Amino acid sequence: MSPAGKLPSETERTLVRKSGAWTNPSYGSYPEKRPILEYIEKGVVNIDKPKGPTSHEVAAWVKAILGVGTAGHAGSLDPKVTGLLPALLGKATKAVPALRLSGKEYVCLLKLHKEMPQKLVRKVCEEFTGPIYQMPPIKSAVKRVVRVRTIYYLEVLEIEGSFVLFRVGCEAGTYIRKLCHDIGLALGCGGHMQELRRTKAGPFTEETLVTLQDLKDAYVFWKEDRDESEIRRVIMPMETAVSHLPKIILRDSAVDAVCSGATLAVPGITSLDANLKKGELTALFTLKGELVALAKAEMSTEELLKASTGLAATPVRIMMETGTYPRGWNKKE
């Protein structure tokens with residue numbers, strides 16, 4: 001279980017050093033200093049989705065506003081639901097699966113079908129933490145089979161009459177509408193979801209939210225006034241979208257091999273997450289903080305710190321183009 005009020009993605013991560021290294025300023029670029037076109041093409045914008053449109057429509061509007069070829073969102077919200085909808089742009093869309101599977105937080109207004117004692121409501125809500133069984137609703141995009149989802153925390157904020165306002169942190173794929181229905185059943189009075197707003201999605205919070213109008217204004221300032229400051233504020237580097245994952249930092253000489261699809265070897269590591277587990281999805285970064293690839297860890301932190309040879313991580317999504325860093329490896333004939 002996560003600490004009270006925190007998603008697993010909010011767990012503080014620390015790096016441990018394996019070997020010293022330096023980075024050549026002639027290659028690559030610090031994410032926040034990328035040329036503006038590349039910055040947008042490798043960016044993510046944390047959209048405050050309004051009530052009405054579908055998540056797909058919002059992503060399409062982001063794409064149209066910025067003139068990018070692709071834009072993908074990290075987790076659908078129903079048309080009536082508002083809040084966080086991180087949209088990844090261009091080449092950053094490859095990271096959508098990593099963000100889509102991250103934990104989410106919502107603030108929900110539950111309408112009970114009968115006024116119930118507040119003490120009982122709070123007690124029943126407390127019982128809906130930990131693993132729960134859910135059958136997806138009839139109107140859903142997934143197969144209707146019973147599945148287990150984890151509720152990290154459920155905090156009742158206010159009760160007024162038959163209305164219950166609560167904050168819930170949950171595993172990706174949890175249906176809050178179904179959660180409200182089940183709480184109503186457990187109370188014996190029935191209930192339904194009245195309103196819902198997403199307040200966290202993986203590493204994203206309401207602090208970085210921007211509206212579609214904010215995004216449009218920033219684009220116009222850049223295009224008409226040649227002022228990049230606002231668009232660099234509303235769009236964040238794609239590295240932000242994977243900041244919740246454990247990290248492995250590569251030395252410059254190992255970067256191009258990974259970009260070419262090679263499995264990362266132990267000598268290519270300069271530092272790594274202190275709690276990396278074997279088989280875990282991890283993010284491979286350069287010493288400048290650029291995302292190179294998403295990979296599956298082949299060793300734990302303890303094993304990697306002891307090893308001098310062997311395979312450390314297998315790329316599953318390559319994010320950086322080959323040739324960004326010089327080749328530091330020889331291709332076998």
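Me: Buried means under 20% relative accessible area, exposed means over 50%, and partly exposed is in between. Looking at this predicted model, why does valine 148 count as partly exposed?

Reply: Its relative accessibility is 41%. That value falls between the 20% and 50% cut-offs, so valine 148 is partly exposed. You can find valine 148 in strand 7, residues 147–160.

Me: Which residues form a nonpolar patch on the surface?

Reply: Valine 148 is one of them: the patch consists of Tyr133, Val146 and Val148. Together they have about 330 Å² of accessible area. A patch residue needs over 30% relative accessible area, and valine 148 has 41%.

Me: Let's go inside. Why does isoleucine 183 count as buried?

Reply: Because its relative accessibility is 0%, and buried means under 20%. Isoleucine 183 belongs to helix 5. Setting aside residues up to four places away in sequence, isoleucine 183 touches Leu110, Val124, Cys125, Phe128 and Leu154.

Me: Which other residues of helix 5 are buried?

Reply: Besides Ile183, they are Ile176, Leu179, Cys180, Asp182, Gly184 and Leu187. The buried residues of helix 5 pack against several elements, among them helix 4 (118–126), strand 5 (104–112) and strand 8 (163–170).

Me: How do you know that the span of helix 5 is close to the expected one?

Reply: Helix 5 covers residues 176–187, which is 12 residues. From its first C-alpha to its last it reaches 16 Å, and the expected value at 1.5 Å a residue is 16 Å. Just after helix 5 comes glycine 188, with a positive phi of about 80°.

Me: And what about the span of helix 6?

Reply: Helix 6, residues 212–225, has 14 residues and reaches 19 Å, close to the 20 Å expected. Its buried residues are Leu212, Leu215, Ala218, Tyr219 and Trp222. They lie on the same side of helix 6, because they cover an arc of only 130° around the axis. As a rule, an α-helix has 3.6 residues a turn, so residues three or four places apart point the same way.

Me: What do the two faces of helix 6 meet or carry?

Reply: The buried residues of helix 6 pack against helix 1 (36–41), strand 2 (43–49), helix 2 (55–66) and helix 7 (229–234). The face turned away from the buried side carries the exposed residues Glu224 and Asp225.

Terms used: Residues are numbered from 1 along each chain as its sequence is written. This is a predicted model: local features need pLDDT of at least 70, side-chain atom pairs count only at pLDDT 80 or more; totals for chains, interfaces and linings use all residues. Side-chain values use heavy atoms; hydrogens and water are left out. Helices (H or I, at least four residues) and strands (E, at least two) are DSSP runs, numbered from the N terminus. The expected span of a helix is 1.5 Å times one less than its number of residues. Buried means under 20% relative accessible area, exposed over 50%, partly exposed in between (1.4 Å probe, protein chains only). The arc is that of the directions from the helix axis to the C-beta atoms. Contact means heavy atoms within 4.5 Å. Patches are made of residues with over 30% relative accessible area and no salt bridge: like charges are joined within 9 Å, nonpolar side chains (Val, Leu, Ile, Met, Phe, Trp, Tyr) within 5 Å. Accessible areas come from the Shrake-Rupley method with a 1.4 Å probe; for residues, only the protein chains shown count as cover. A salt bridge is a side-chain nitrogen of Lys or Arg within 4 Å of a carboxyl oxygen of Asp or Glu.
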